[in-house]
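Let's take a walk through a protein model together. Keep the sequence and the 3D view open while you read.

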Number of protein chains: 2
Amino acid sequence: MNKNDIPAIGIDLGGTKILAGMVSNSRLVGEPVRVPTPSGPENIISALLEIIADFQREHLILGVGIATAGIVDPESGAIIGSTGNLPGWEGTPLKHAIQNKTALRTHVENDANAAAYGECRAAGLHTNHCSIMVTLGTGIGGGIILKGGLYRGAHFAGGEVGHIKISMENRRRCTCGLWDCWEAYGSGRGLLATAIELVQGKTAAQSCLCEKGEELTTNDVLDAAAAGDLIGRQALDKYHEHVAVGMSSLCHVLDPDCFVISGGMSKFVDLNLLKDLLADRTLPRISEKLEIYPSQLGVAAGLIGAAQLVLDAVAGVESVANTR
Amino acid sequence: MNKNDIPAIGIDLGGTKILAGMVSNSRLVGEPVRVPTPSGPENIISALLEIIADFQREHLILGVGIATAGIVDPESGAIIGSTGNLPGWEGTPLKHAIQNKTALRTHVENDANAAAYGECRAAGLHTNHCSIMVTLGTGIGGGIILKGGLYRGAHFAGGEVGHIKISMENRRRCTCGLWDCWEAYGSGRGLLATAIELVQGKTAAQSCLCEKGEELTTNDVLDAAAAGDLIGRQALDKYHEHVAVGMSSLCHVLDPDCFVISGGMSKFVDLNLLKDLLADRTLPRISEKLEIYPSQLGVAAGLIGAAQLVLDAVAGVESVANTR
């Protein structure tokens, strides 16, 4: 086997499940495995070690990359900021725990950053001056790749793009407690909030969404829009505008080569419409040559990116320690 | 003379005047000279060559740094985007014109970028992960320094922070033609627009600003605020909020170590109030360790930064060609 083809294990550690697989050349090798996330740091680490041992039993492995929720110091590989999804996780010296037990080179990365690296690396976009991944899901996440390396910020909170402000009116509260964050409008929850505003004063004759009352969900809105319901369509149109406003601010800060749009909401986004709405809000020098790509890796982006960070560090393509 | 002390000439080329001086170790050496900007690219280049020749007659010079309005490709040193302040300037191969005639190493930079580099380099902030200069003047400009180098973006329009969106309501038009840019609120013009909104329906008994009618200026608003006029003070309070909203978005994209605040409006900004307003709008992990500094170099920042870029390129501290 060519040394360049020896895989790394990539692990995406979420609040409910762990997704793990072998990765080589930015692609999965074989089928990934999926196990429920146990509770508590010790049990999580045991589960990760078991997964790694299972892969090692049958394969030569170059290293381990772990994408985790929470704020990560990728130099020490410790979790330095908590997440509600993984109680007690803050303070866990994850890299040391895994590296010491497995003797495998280990890299720990924030999950949004890992996914951004995975997507951009797989698509050959990572050597651009600037590529930005925007993940439109229940919330909005992001990752910034500058000239081959992840941009992590002074306090490892770079690319927290969901909290860009898109209004100053204190109209909607974000789950973070702040007002008018992009995420409060441009996420799945944001679309639902927009629909709830739009159905106020409307009757069931005007929109099928009025019948749902308090039970209304994001999927109801998406279904209604697909079925041609006027309010559903208005909400989805507004949603595109809300997404474009935040992207416009990103454009005027970073002047990127491209965006990659991922996340559960992305399949409901019309990228051509989004590009037009963005051009309406952005200086032509920036928007004219800007590309917007859909995600290619889907839910495997985080584990692929985390593994590829290790592979690239070994190959000297990306210096993990130097790209904070 | 120690080689490290040989100065470079720094030139700040604006729409109405040219400011030039010798720079060593991020400081002016001797008095700068100031001449009116002539009209047309050929006359401007002649004026620059004359200024350079005057300095060379009496001093050993290491190179020339030119900060100019407009979009610049610093690799070729050509002006690739126009500015209304310098008609006909687009397309000028400025670096070649100066370097070929003077045989001095020449670097051309966008003026906001040069000023950001000058300020951060002089204050020892340039080796931070991320320092952002925000220039609050008639408009809003900016410059981003990442780990020692200027961040210029994919199309040399990185740091156009004045066009971050701070509203999605299409309330105010920016001079760029787009709606609700930060600059339409957080600049001197923005403060005036806010005051004009606030005086609507008020009488002269309520605010001295009502007497000015169409003649109202930004300085009138600042004077009224200083004198304790209620509307003047409200406008200045709102102004601080508007400035904080844009900075919050910058924080959530780049997670900077610090901001440097410069420009004509900056002396009316209460940095402690601004820091509090920013903390109200920003994730604690980002805002808690964030510093906000006032400009130290004032109007000389552009020429000092442009000259220092040349000095650092010669010294190998900053690779001019590699920091796009």
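This is a predicted model: local features need pLDDT of at least 70, side-chain atom pairs count only at pLDDT 80 or more; totals for chains, interfaces and linings use all residues.

Residues are numbered from 1 along each chain as its sequence is written, while chains are lettered from A and ligands numbered from 1 in the order in which they are written.

**Helices that pack**

Two packed helices are described by the angle between their axes and the distance between the axes. Helices (H or I, at least four residues) and strands (E, at least two) are DSSP runs, numbered from the N terminus. The axes are lines fitted to C-alpha atoms, for helices over the stretch in contact, and angles run from 0 to 180 degrees between N-to-C directions.

| Helix pair | Angle between axes | Distance between axes |
|---|---|---|
| α1 (residues 41-58) and α2 (residues 94-102) of chain A | roughly 40 degrees | within 11 Å |
| α5 (residues 188-199) and α7 (residues 230-254) of chain A | about 130 degrees | 9 Å |
| α7 (residues 230-254) and α8 (residues 271-279) of chain B | about 55 degrees | 9 Å |

Which residues make the contact of α1(A) with α2(A)? On the α1(A) side they are A:I45, A:L48, A:L49 and A:I52, and on the α2(A) side A:A97, A:I98, A:K101 and A:T102. Being in contact here means that the C-beta atoms of two residues, placed from the backbone, lie within 7 Å. Sorted by class, this contact has 6 nonpolar, 1 polar and 1 charged residues. For the classes, Ala, Val, Leu, Ile, Met, Phe, Trp, Tyr, Cys and Pro count as nonpolar, Asp, Glu, Lys and Arg as charged, and the others, Gly among them, as polar.

Next up, α5(A) and α7(A) pack at about 130 degrees, and that makes α5(A) oblique to α7(A). This crossing is right-handed. Residues from α5(A) in the contact include A:L191 and A:L198, and those from α7(A) include A:I231 and A:Y239. The class count for α5(A) with α7(A) is 7 nonpolar, 4 polar and 1 charged.

Over in chain B, α7(B) and α8(B) pack at about 55 degrees, which makes α7(B) oblique to α8(B). The crossing of α7(B) and α8(B) is right-handed. From α8(B), B:L273, B:L274, B:L277 and B:L278 meet residues of α7(B), among them B:V243 and B:M247. That contact has 7 nonpolar, 2 polar and 1 charged residues.

**Into the core**

In soluble globular proteins, nonpolar side chains tend to be buried together. A nonpolar core is a set of buried Ala, Val, Leu, Ile, Met, Phe, Trp, Tyr and Cys residues joined through C-beta atoms within 7 Å. The largest one here has 196 residues, and A:I11 and B:I11 touch the most other members. Leaving aside residues up to four places away in sequence, B:I11 touches several residues, including B:I18, B:I66, B:A67 and B:L303.

**Buried or exposed?**

A residue is buried if 20 or more other C-beta atoms lie within 10 Å of its own, exposed if 12 or fewer, and partly exposed in between, with C-beta atoms placed from the backbone.

B:L13 sits in strand β1 (residues 8-13) of chain B. Because B:L13 has 26 other C-beta atoms within 10 Å, B:L13 is buried. Among the residues that B:L13 touches, not counting those up to four places away in sequence, are B:I44 and B:T68.

A:N25 lies in the loop between β2 (17-24) and β3 (27-36) of chain A. A:N25 has a positive phi of about 50 degrees although it is not a glycine. With 12 C-beta neighbours inside 10 Å, A:N25 counts as exposed.

**Where the chains meet**

Conventions:
Angles under 35 degrees count as roughly parallel, over 145 as roughly antiparallel, 65 to 115 as roughly perpendicular and the rest as oblique. A crossing is left-handed if the near helix is turned anticlockwise from the far one by less than a right angle, and right-handed if clockwise.
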